[in-house]
6 protein chains.
Amino acid sequence: MKKVIALGEILLRFSTTDHLRISQSNAFNADYGGSELNVLTSAANFGMDCEMVTVLPNNDLGMAAVMQMRKFNIGTKFIPKAGERLGLYFLEKGASVRGSKIIYDRTHSSFSQIKPGMINWEDVFKEASWFHWSGITAGVSQGAADVCLEAIEVAYKMGLTISTDFNYRANLWNYGKSAGEIMEAMVSKCHIILAGDYASRQYFNIHAKGESKDELNKSLCEKLKDRFPIAEKIIITHRDNISALHNKWSAVLYTDGKLLKSQSYDITDIVDRIGAGDSFMGALIYGLNHFEDQKALEFAVAASCLKHTIYGDANLVTTQEVIDLTQGDSTGRVRR
Amino acid sequence: MKKVIALGEILLRFSTTDHLRISQSNAFNADYGGSELNVLTSAANFGMDCEMVTVLPNNDLGMAAVMQMRKFNIGTKFIPKAGERLGLYFLEKGASVRGSKIIYDRTHSSFSQIKPGMINWEDVFKEASWFHWSGITAGVSQGAADVCLEAIEVAYKMGLTISTDFNYRANLWNYGKSAGEIMEAMVSKCHIILAGDYASRQYFNIHAKGESKDELNKSLCEKLKDRFPIAEKIIITHRDNISALHNKWSAVLYTDGKLLKSQSYDITDIVDRIGAGDSFMGALIYGLNHFEDQKALEFAVAASCLKHTIYGDANLVTTQEVIDLTQGDSTGRVRR
Amino acid sequence: MKKVIALGEILLRFSTTDHLRISQSNAFNADYGGSELNVLTSAANFGMDCEMVTVLPNNDLGMAAVMQMRKFNIGTKFIPKAGERLGLYFLEKGASVRGSKIIYDRTHSSFSQIKPGMINWEDVFKEASWFHWSGITAGVSQGAADVCLEAIEVAYKMGLTISTDFNYRANLWNYGKSAGEIMEAMVSKCHIILAGDYASRQYFNIHAKGESKDELNKSLCEKLKDRFPIAEKIIITHRDNISALHNKWSAVLYTDGKLLKSQSYDITDIVDRIGAGDSFMGALIYGLNHFEDQKALEFAVAASCLKHTIYGDANLVTTQEVIDLTQGDSTGRVRR
Amino acid sequence: MKKVIALGEILLRFSTTDHLRISQSNAFNADYGGSELNVLTSAANFGMDCEMVTVLPNNDLGMAAVMQMRKFNIGTKFIPKAGERLGLYFLEKGASVRGSKIIYDRTHSSFSQIKPGMINWEDVFKEASWFHWSGITAGVSQGAADVCLEAIEVAYKMGLTISTDFNYRANLWNYGKSAGEIMEAMVSKCHIILAGDYASRQYFNIHAKGESKDELNKSLCEKLKDRFPIAEKIIITHRDNISALHNKWSAVLYTDGKLLKSQSYDITDIVDRIGAGDSFMGALIYGLNHFEDQKALEFAVAASCLKHTIYGDANLVTTQEVIDLTQGDSTGRVRR
Amino acid sequence: MKKVIALGEILLRFSTTDHLRISQSNAFNADYGGSELNVLTSAANFGMDCEMVTVLPNNDLGMAAVMQMRKFNIGTKFIPKAGERLGLYFLEKGASVRGSKIIYDRTHSSFSQIKPGMINWEDVFKEASWFHWSGITAGVSQGAADVCLEAIEVAYKMGLTISTDFNYRANLWNYGKSAGEIMEAMVSKCHIILAGDYASRQYFNIHAKGESKDELNKSLCEKLKDRFPIAEKIIITHRDNISALHNKWSAVLYTDGKLLKSQSYDITDIVDRIGAGDSFMGALIYGLNHFEDQKALEFAVAASCLKHTIYGDANLVTTQEVIDLTQGDSTGRVRR
Amino acid sequence: MKKVIALGEILLRFSTTDHLRISQSNAFNADYGGSELNVLTSAANFGMDCEMVTVLPNNDLGMAAVMQMRKFNIGTKFIPKAGERLGLYFLEKGASVRGSKIIYDRTHSSFSQIKPGMINWEDVFKEASWFHWSGITAGVSQGAADVCLEAIEVAYKMGLTISTDFNYRANLWNYGKSAGEIMEAMVSKCHIILAGDYASRQYFNIHAKGESKDELNKSLCEKLKDRFPIAEKIIITHRDNISALHNKWSAVLYTDGKLLKSQSYDITDIVDRIGAGDSFMGALIYGLNHFEDQKALEFAVAASCLKHTIYGDANLVTTQEVIDLTQGDSTGRVRR
C-alpha cells in the first residue's frame, strides 16, 4: 500500500506525574507528540507506511524526536534540521472536577519558521496516496500556512486523498491573518474532514441548527458539504465530559447524504486523553483504507476509546484489540 | 488587608505511594502539614496575609517546615525553635473498600511542650484581624491548651475575629483533662465555629434532634448557638463516603437563625483527601472576608472539593478555579 | 493448630507501572507469587502455620523467593534447589476498556522438572492438617502432575483435609495428557473444591443447567458432587467485569445439598486483582477452620474483595479488617 | 543589615537523571536557577536579606519560580509579570571522560524583553547596600543590557557596593553589539569583580602574562585594576578538570596590590557542579560583609567546594559547615 | 549450632536519595536497622541461627520490622509488643567533603521503656551459645541498661560467650547515670570486646599510649585487658576517612598478648557505610565460630569492607564472596 | 555505503538500580541488548547502514526489541518471529570491591531454536559489505552454530568482510560439541578478529609467550595469524580492573606483522560497562571503513571508553565526541 504523509509540528510534552500541579512538580515526564504526528503514529501502528514532514532543530531534542518516530516506524526522510528550538508544552494532569491544563511554549519554534520551497512536495508524494494536515499546522505561522497550502495543492494535483482535522486552537492564529481566511482555501481541497461544532463557527461562521444531537450533527455536516463540495466524508466526534477521568465518546460520519452513527463508549479511569482525537483520525485513515464506512467509523471510535487507556500521545493498540472492542469486548477482563 | 494568624502543630507526614500498605513500603513521600497550617496555606494561597504560630525543633526538619511555609507565603516570625522533635504521622492511602489509615507519632513533640509566656500575643496580633485555632491544638497537651486559651483571650480583647474547627481526635486529649472542660472556655469566645455532629457530642454532650439531614443540622446549630452565643456563624460540612476514592461533599452555614445550604459535589478519583476540611476553613475565612455568606459558603465547599484533587495537605488552587467550579464548571475538560 | 501445606510453582512477576503497556516499559516491578503460594500467604497472614512445597533454582532469584516467603511467615524447609530457572510472567496492567494482559515465560522452569520421590510427603505432612493444590500445579508438566497425585494420596491416607482450586489455564496442559484425564484422579480425593463453570466444562465436560445464576450454580455444584462424592464443600466465585478497574464480586458455597450465598461487593478503583481468587481460597481455609460455613464464606469473599485494593499477589489485610468489611464497613473512610 | 539585590534571568533547568543522555531520557528533573539568583540564594542561605529583580511570565512556571525564591527567603517584590515564556535549558549530566552538556532554550524569554523604566531602581535600592549582576544579564538582550546599566548607575549614585561576575557565555551576545562595548561601561562602576582569564580576553582583549599560575593571576588582576580603577577587589577562581566528577578548586583575591591565595580542594564524586561559581560569589558577598579578606576568600572557596556536593543550582549549606571545612574538616566522616 | 542472641533497639531509618539534603527531600527511603540487629543480620546471613530481643510498638511499623527480621531469617519469638513508638532516625547521605549526617528521633521509644522482668532470659538463652549487646543498648534508658545487665548476668551464668561493641554515642546516656558507671559492670563479664580509642576514653578514661598506630592499638588492648580480665579477645577497627565516599578500613585483634593485624582495604564509591561496624561484628562472631583467629579477623574485615557496597543496614553477601575478597579478589570484575 | 549485517541473540536485560543486589530489588530496569546487536547499534549510531539478523518470539517482548532496533536505525527485515521466549539476563551492578554479577536465563530462547534454511543469506547480503558474528552466537546451540557457519560461508563467497569477536562464555557451549571444534571452521574465514588471551586458550589451546604485555600481545597475534592466515587484522583489548567502577582500558591491533598500540584511558565513576567490548567492535568497523588503521584503533578505544559513561548496552555518542576524546579532550568539562 502507498504511503500516508502528514505535515505538522512536533512538540516536546512535559507532563506532571501522579496528578501533581505544575507548581508542585520537580520532575516531568517527557514525550514527543503533536496532532499530525499522533495521527501518523496510529496509522503506522496499524501497519500503514507513513512519513512525517516537519522541521526540527539540529540538537539532541530534535534527534530524540527522530528516534521516537523511527521507533514507531514513521519515515523521517523529509525533515529539515533548521531553526532555533523545539516547541514544547506543559501538561498538568487533572482528576475529578479539576480538568487537565496545558501551557504552551511553542512560539519561535523550528517548525514555525518553515518556508515555501523548503520541502520538495513532488518528491514527498511520489509513492504516497494520502496527505493529512490539521488546523494547528495552519495556525502556527504564515510560513507554516503557506507550506501547508503548497502541500495541499501538490497533493490534490497528484491525486492523493487529503484529510484534515479542524483542530481549532484559540491560542494560535496570531500571525495577522484570520483563521477563516487561511483555512477556506485549504479545506476546500480536502476529501475527508474531521470537523467540530465550535471550530466550524470559529473558522467559517457555520452554525448548526437542530433540536437533537442528531439534527445538529446532520445540519453541521450538510452546511460543511455545501461549503466544501469536494469533501466526501465529514466526521464529528462527540466527547461528553463527566469528569476529568470519566468521559463518554462517540462519533458520526456523514457521506452521501447519510449520517452513520457509532457506538458510544463510557470511559472511566482515563489514563491519558491527550491525542485521543488524533488517534481517531489515524484509525479512521486506516479504517477507510480497509473497511466500508460504518466499520471504519466503529474502528476509529473504538481505537480512540482505547487510546484513553494508553499513556502518551501515541495509541499503541493492535488492530485485533480494536476489533475486539468494536465487537463488544469492553469488560476489561484479564487476558492470559 | 490585615493578617490571619493561626496556632497549631506542624506534623511531618509520611505517606505511602501507589496505594501500598505501610508494611509494603520501603519509601515514603514526606510533606509538612497540620490542620491549622493547612487553613493558613489555603488563605495565603488565595492572597491573604498569613502568619503561623507554632514551635519547631531546631534541626533540619524544623528548617524544612519553615521553608515550606515560606514557599506558601506564610509568615514564620513567631515560631520558637525548641523542644525535642517534630511530630509526625504515617498515612497509608486506601482505595475502594479499604479506607486510608493514619498512624500518629506525635507525642513529646516540640509543639506539645509549648508553655504560656513563650509567645508574645500582643505582638503577634498587632497587625492582625483574624485568629484561627482548632480542637487539635487544644488536645495536644496542657501547655498547648493553656497557650491557646491565652491567645484567644488576647485576640478577643484586641477585637480580632476568632474562628475554630472542632476537629475532635479521639487519640488526643490524654493529658488528664476532659476535652469538654478545656474546650468550653475557648469556644465561648469564638465568632466562627466549624462544628460537627460527632465532635459536638464528644465535647459538649450536645445531641442534634430531627428526622431529615436539614432538621438535624439546624437543631445542632441552634443548640450550639444557645451554648455559645458569641458565635456569629456556625458551619457544618457533610461528607458521604461512597468508597475510599469516591465521596460526596457539601456544607451548611447557620447565621441569624437561617440555615444556608451549599451545592453538593460528587468527587470521584480522589487524589488526596487529607486536609480537605482544613481547605474548607481556609477558603471560608477568605470567603467571609470577600463575599456575602451564601457565596462564601459556596466558595469554601468548591475550594475544598478541588482540594480532593490536589496531592498533599495544602490546597493549591486559584480563586478563579474555585469560582469557575461554583458556577458549574465541574466537567474536568482540558483547559488549553 | 496444625499446618497448612501447599504444592505449586512460584513465579517471578514483572509488572508494568502506571498502566504502561509492555512495549512502553523500560522498568518493571518484580514480585514473587503463584496461585498456591498466594493461598498460603493469605492463610499465614491470618495467623495459620503454613509450609510451601515447590522447587527453586539455586540462584539469587530462588533465594529472593525464599526471603519473601520467610517475610510472610511461610515455612521453606521442603524446597529442593534444582533445575534451570525460575518461571516468570509479565503483567501489563490495563484500565477501563483495556484489560490487563499476561505473558507467561514459565516453560523449562525448576518446578516443571520436579519428579516423584523428590519430596518426602510423609515428612512434610507430619504435623499438618490441610493440603492445598490447584489445577495449575497439575498442568505444568507430567512430573508436577505425578508429584501432585503422590502428595494427594499420602495426604488422603494421613487424614488431611485436601482442597483444590480448578484454576484452568488454557496455555498449560501441553505435555501430552488431557487435562481431564489427569485431574479426575486428583479431584476425586478432595474435600473442598473451588470450582468454576468454564473449568468444569474444560476438565470434566460438566455443563451447568438453569435459567438464573442461582440455578446454574446449584446445578454445577450438584453435578460436581455427583462426580466427586468425597467433596464436602463446593465453592464458586463470581466476578462481573464492569471494566478493568471496576468489578463485582461474590461467591456461593454448596454443602449438604444447600447453596449458601455471600454478599456481593462493588469494587471500584482496583489496585491489583491478580491473586484475588487465591486470596479467596486462603481466607476460606482460614474461615472453615475458625467459623461456621456462612461466616467462612463471607470472610473469604470480603478478604478477596479487600485483596483488589492491595498491590502484589499477596493479600496483606488483618482478620479484623476483613470482619469489619463483612459487617458493612465498606465506606473507605479514613481510620485514624 | 541592609539588602543584597541582584538582577538577572531565571531559567527552568531540565536535568537528566542517573547520567542518562538527553536522547535516552523520558523524564527530567526540573529546578529554577540562573547565575544571579544562585548568588542570592547563597547569600540568603547564610542569613543575608536578599531581593531578586527579574521578569517572569504570568503563568504556573513563573509562579513556581516565585515559590522557590520564597522558599529560599529571597524577596520577590520587584518582579514584573510580563512577556511570553520562561527561558529554560537542558542539562545532561556527564561522568568520567564525558563532560556534562547544556542545551539552552532561552531566546524570546520574558526577561529578554525587559526594558528601561520597568524597574524603579530608586525604590529597589532604598534599603539596600549591595548590587550584583553578571555578564549573562548583559548578554541576554539590548533591553537587559540597558536595564542593567540603568541599575548600575542608580546603585553607584546611591552608594551601594556593586559586584559583577564576568560570566562570559559564547552563545549569548547576539543582539548586535559587541560584548566588550557593552561591558566596559558597566564594569567600570564595579567594586568587586569576579573575573576570569578567558572572559577578560573575550570582553576586553586583556591578556595575562607570566610563567607560573601565580604570575598569570597577578598579571591579569593588575591589568584589570588598570582598566577598572574603581575595582577594590578582583577575584579569580581556578577549576582543574580531572574528570567530569573529579575537579580541583581554588581562588585568588587581588586587593591593594596583593594577591591572596586560598586553599585548594580536591573534589571527587561531584553531585552537581552547576552553580558552583555562583555559590562562590554568594559566599564571597557574605564573607566580605563579615570577615577580613583572607577569611572571606577561604569562606567563598569552601562554600563553593561544598556546593559540588549539593543537587540543584542552590547551595544549601550552613555557615558552620563552611567554616568547619575551611578549618580542615574535609574527611566526610558521618556526623551524628 | 546453637543460637546467637542480641538485645537492642530497632530503629526505622529514613534516608535521603541521590545525596539530597534533608531539607531538599520530599521522599525518603525507609529501612529497619539498629546496631545489634545489624550484627544478627550478618550472622544469620552467613547461616547462623539467630534470635533478636527487643521491644516493638503494636502497630504497622512494629509489624514491618518483624517482617524484615523474618525475611533475614532472624527469630522474633521474644519480642514484646509494647510502648508508644518505634524510634527512628534520618540519614542524609553525603558525598566528597560533605559527610553524611544523622538526626535521631528515638526518645520515648518502645524499647526505651523496656523493664527488668519483661524478658525471661533463661528461656531466651536455653538453646543459645552467644549473647551480643552494645553500648547503645545500655545508653538508651535506665530500663534498657537494667535489662541488659540482667541479660549479661544470666548469659554469664549459663555459660554463653558474651560479646560487646563499645559503640559510644554522645547523644545517648542522658538518663542521669554516667556511661562509665553503667558500662563497667557490663563489660566486665564480656569475652569479646569490640573496643575503640575514643569510646575507651569516654567510658573508662583509658588512654592509649604510643607513637605508631600499632603501639597505640596494643597499648589500648593491654589496658582494656587489665581492666576487664575476662575479655579473651579485644578488637579495634580502623577507619581512615579520605572523603565521604572513600575510606580505608582495617582491624586488629588482640588475644593472648598478641596483636593480629588484618589487611587494609581501600574502599571507593561507597554505597552505604551505615552498619559497616555492625557487619564487622556479625562476621567476627561467625568467624570466631568457624575459623582460627587470624582468619576470623580477615573474614570480618573483608565482610565489612563489602558492606560498604550494600545499600541498607544489613550486609547481604555470601560467605564465598567474603572469602574471595580475603584471598585478593578485590578488582570488582564482572562475574558471569 | 553498503550495509553491515550481524547475526546474534537479543536478550532482555533486567538490571538492578542504585547498586542494589538482586535479592534487594523489587524493580528492575529493562533494556534490550546482546553482543552482536550492540556492535550494530554502535555502527548505526556513527551513521552506517545496519541490519540485524536474529529470531524473536511473536509477543510484546519481541515487538519491543524490534521497536528499540528501529529507534537506533537498525534494519529488522530479516527477523523471523518464532520460538517460545526471549532470552534474558539479570544484571546486578556492583561497586568498589564488589563486582557486577550476571545471571543468565537464556536457555530455550527463540534464537537458540534457529535452524539452517530459516534465513536466506543471499538475500540478506545482497547490498551488504560486512558481516559480523561472535563466539556467543556459535555457543548458543547447534542450530545457531549451523546458521552462523552457513552465513559465514555465503558471506565469504559473496566477498563481504567478515569480523568476529571471540567472546568466550563458559556458561554456553553445552550442546555437546567442543567450542574449539565449532569455532575453528568459522574463524578461519574471518578477516577481522577481536581476540583475547583467555578465549584463545579456551577455544584453540593457543598460549601467548612473553615477558611484557607487548610481547604477550604480539605472540598471541602471531600465533593466531599462523592458525588463521585469512585474518588481516587481529585486535586485543586490555581492561585493567582497579575496582568495579574504576578501570583502565586500551587495545592493540596487529596487521602486516606490526603491533599498533592505542592510548590507555583511566575510566572512573563507570556508569555502565556492559557492552563496552561490543562498542569497541562497532566503532572499529566504522573506523576501518573510514580511517587508516592507527586512527581506527584510537577511534574504537575512545568510543568504547565513552561507552563506560553511557547507561544501557548501546553506545550513544557522536563521531565528533569520540574524535575529541582521541585528541585529548578527556577532562569532562561542561560543554555549553
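Author: Happy to! Let me start with a term: a polar contact is a pair of N or O atoms within 3.5 Å; within protein, one must be able to donate a hydrogen and the other to accept it, and residues adjacent in sequence count only if both atoms are side-chain atoms. Also, this is a predicted model, where local features need pLDDT of at least 70 and side-chain atom pairs count only at pLDDT 80 or more, while totals for chains, interfaces and linings use all residues. Residues are numbered from 1 along each chain as its sequence is written, chains are lettered from A and ligands numbered from 1 in the order in which they are written, and side-chain values use heavy atoms, with hydrogens and water left out.

Reader: Thanks! How many residue pairs are in polar contact between chain B and chain A?

Author: Nine, with both residues at pLDDT 80 or more. Three elements of chain B, namely β14 (265-267), α10 (293-307) and α11 (319-326), each supply at least two residues of the side touching chain A; helices (H or I, at least four residues) and strands (E, at least two) are DSSP runs, numbered from the N terminus.

Reader: And which residues form the salt bridge there?

Author: B:Glu321 and A:Arg21, whose closest N and O atoms are 2.7 Å apart. The term asks for a side-chain nitrogen of Lys or Arg within 4 Å of a carboxyl oxygen of Asp or Glu.

Reader: What area is buried between chain B and chain A?

Author: About 2100 Å², with 52% of that from carbon and sulfur atoms. Buried area is the accessible area (1.4 Å probe) that two parts lose on being put together, summed over both. B:Val334, B:Arg335 and B:Arg336 supply 31% of what chain B buries against chain A.

Reader: Switching to chain C and chain B, how many residues are in contact?

Author: There, 22 residues of chain C touch 23 of chain B, contact meaning heavy atoms within 4.5 Å. C:Glu321 meets B:Arg21 in a salt bridge at 2.7 Å, N to O.

Reader: Nice. Now the sheet: what is the strand order?

Author: This open sheet of eight strands with mixed pairing runs β7(B)-β6(B)-β2(B)-β3(B)-β3(E)-β2(E)-β6(E)-β7(E). Two strands pair if DSSP finds at least two bridges between them.

Reader: Why is one side of each edge strand left without a neighbour?

Author: Because β7 (101-105) of chain B and β7 (101-105) of chain E each have a single partner strand.

Reader: How do β2 and β3 of chain B run?

Author: Antiparallel, joined by five bridges. One pairing is B:Arg13 with B:Asp31 in β3(B).
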